Amino acid sequence: MTTSQGPRAHWSNRWAFFLVTVGSAVGLGNIWKFPYMTGSNGGSAFVLVYLACILAIGVPLLMAETLLGRRGQGNPVATMRVLADEAGATRWWQVIGLIGIVGAFIILSFYSVVAGWVLEYTWRAASGFAALPKEAFADAFGALLASPGKLIFWHTVFMALTAAVVLGGVTSGIERANKIMMPALFAILVFLVGYGALAADLPAAFRFLFHFDPSAINRGVLFAAMGHAFFTLSLGMGAIITYGSYLGREVSIPRTCLAIAAADTGVALLAGLSIFAIVFAQGLEPAAGPGLLLQTLPLAFSQMPGGHVVGLVFFVLVVFAAWTSAISLLEPGVSLLVERFDLGRKAAVTLLSSGVWLLGVAVALSFNEWSAFSLFGLGLFDLLDTLTTKIMMPLAGLLIALFAAWTMKRAHVEEEVGLRGGAFRLWYGVVRYVSPVAIVLIFLNVIGILG
Ligand code: TRP
């Protein structure tokens, strides 16, 4: 049931877009980053600001990015060219597509290294985590980071898995992989929350995430939460434009985007609940940082009843989540190479994933051999994360808001988004004023001009 007017591939039905975009959105951001960021940014304060950012910036921009993609029907750069021409505006707007593709390239390089840690831990979980003292788990993670061979091996495996799916194409690769992994992911998540309710300390987790404490909100929390709202919804990096470009006209953008954001936020909160329920039940530290998933949880799994099975199932969930996200980071660049340089899909996937792989090797080495390197006081990993999440994504998001709400013809936007009357005016007003102002204010605040 595609409505393709040309040879361009389209999702096979309206569910497919929902599924693949949730697949893109739900990833390490939800299960690895969100819990540890919440843990180290004061719990509920971070959750509150994050939810506000999702509503005021995330959802409106998700709709904007999807409508750009569907109207442009091309890779992110081509889409922006078509739409700029249609609006009679400068072709400089193509820079949105370019920032996206470069950003996605960078994100995938470190994303794949982290996914590699998860693969190693899935492997370890399969044989069960031995009940050892706390330090042993920290040491085990430290030893992994200190081992370039292991890091590069698993990073290579993960890139190969990602490339293999993208190689299959839009429907028989990306769509099919998501149709298998996403339902499995939800089933596992429900199981884990059930386990958390029965065997772990769900009330303590609930208090930690939702106890209202505005006094903990500060500059750092605001910036981190905004960056994370972009990251978790896969915004600004061409992924949504690209997925939207494979979208048929029969789909309602507002309804689907709301459902996508709700699913993404739901998964983050559920993952947070089950992880902190386990952490608190075992009397562990919630503010453990990036190691929360890989030091604290295995320790908990080693001590709790049924921990062997729960641990394995949990890490499989994280692998699926990371895999379906990584696919969406590779596809935008592949679509550009295929359409613009007339490469075959195979050549494009090979070329791009080799490049990403190489940068990822540098990231892997930055944890050990090259750990002395730093710029602005950040190691390569933090540098790339900060550059993309906190700078490139909000910048691209700002440009997308400005383009959709100030440069495109209002009638075109209205037709594409399919909202009428007050609902349209509300969304349009938010994208026109609220989202750009919020992004700029948070930026200025961080630079120290405000506050
Ligand atoms: N949203 C994913 C996560 O939460 C990461 C991701 C996938 C992403 N595709 C993206 C982030 C595109 C930015 C842009 O893990």
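**Figure 1. Residues around the ligand in the predicted model.** Of the 17 residues around the ligand, those that come nearest are A25, G29, Y111, F231 and S328; a residue is counted here if one of its heavy atoms lies within 4 Å of the molecule. At least two residues of this shell are supplied by each of helix 1 (14-25), helix 2, helix 5 (95-126), helix 10 and helix 14 (307-341), helices being DSSP runs of H or I with at least four residues, numbered from the N terminus. The shell divides into nine nonpolar, eight polar and no charged residues; Ala, Val, Leu, Ile, Met, Phe, Trp, Tyr, Cys and Pro count as nonpolar, Asp, Glu, Lys and Arg as charged, and the others, Gly among them, as polar. Because this is a predicted model, local features need pLDDT of at least 70 and side-chain atom pairs count only at pLDDT 80 or more, whereas totals for chains, interfaces and linings use all residues. Residues are numbered from 1 along each chain as its sequence is written, and side-chain values use heavy atoms, with hydrogens and water left out.

Figure 2. A cavity is a set of points, on a 1 Å grid over the protein atoms alone, where a 1.4 Å probe fits but cannot get out; lining residues have an atom within 4 Å of a point. The largest cavity has a volume of about 150 Å³, taken as the space filled by probe spheres set on points joined across faces, edges and corners. Among its 16 lining residues, S24, Y111, F231, S234 and L329 lie nearest the centre. Helix 14 gives the largest share of this lining, three residues.

**Figure 3. The largest pocket.** A pocket is an open set of grid points with protein on both sides within 12 Å along at least five of seven lines. The largest pocket has a volume of about 340 Å³. Of its 21 lining residues, K33, Y36, P290, D382 and D385 are the closest to the centre. Helix 16 provides the largest share of the lining, six residues.
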